[in-house]
Amino acid sequence: MGHYLLRWQFSASAAKAMVAKPQDRTRPATELIESFGGKMHCYYFALGDYDGMGICEFPDHTSVTAASMLAASTGSFARFETTVLLTAQEAEEAMKQANAKSGSYKAPNA
C-alpha cells in the first residue's frame with residue numbers, strides 16, 4: 001500500500017461548528033480512511049496554512065482519490081490536498097530511472 005499526506009483547511013462554517021461543539025475528529029477521519037481500505041497512521045491539528053494533516057496508507061491512487069473527494073464534497077473544507085509520499089528507496093529508484101534517461105528529453109526552449 002502507498003503512503004499519502006492529506007492536508008486540509010476547514011471552512012469557516014466547520015470551524016464555527018467545532019468551536020460551538022468541541023470535538024475530536026480523529027475517529028470520523030479514521031473511519032473514512034478505513035472505509036476505502038486505508039489505514040490512518042497519524043492525524044494532527046495544525047497551525048498555519050493548514051488546519052490539519054494526516055499520514056495514511058491506501059491500496060491505490062483510486063482509493064485515496066475517492067476518500068479525498070468524499071471528504072471535500074461535504075463542504076467542510078476550504079482546501080483539501082492529497083500528496084503521494086515516497087520512501088527513500090522509491091525516490092532512489094526514481095532517480096536511477098531519471099539518470100538512465102538523462103539527455104533524452106528535449107526542453108521546449110532547447
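Is Cys 56 buried or exposed? At 0% relative accessibility, Cys 56 is buried, where buried means under 20% relative accessible area and exposed means over 50%, with partly exposed in between, using a 1.4 Å probe and protein chains only.

Quick housekeeping before I go on. This is a predicted model, where local features need pLDDT of at least 70 and side-chain atom pairs count only at pLDDT 80 or more, while totals for chains, interfaces and linings use all residues. Residues are numbered from 1 along each chain as its sequence is written, and side-chain values use heavy atoms, leaving out hydrogens and water.

Okay, back to the cysteines. Cys 42 counts as buried too, at 19% relative accessibility. The two sulfurs, in Cys 42 and Cys 56, sit 7.6 Å apart, so they're too far for a bond. The structure has zero disulfides, a disulfide being a pair of cysteine sulfur atoms within 2.5 Å.

Now, helix α3, residues 61–72. Helices here are DSSP runs of H or I, at least four residues, and strands are runs of E, at least two, numbered from the N terminus.

Which residues of α3 are buried? They're Ser 63, Val 64, Ala 67, Ser 68 and Ala 71. Those cover an arc of only 130° around the axis, so they're on the same side of α3; the arc is that of the directions from the helix axis to the C-beta atoms. Over on the other side, His 61, Thr 62 and Met 69 are exposed.

How values were computed: Expected span 1.5 Å × (residues − 1).
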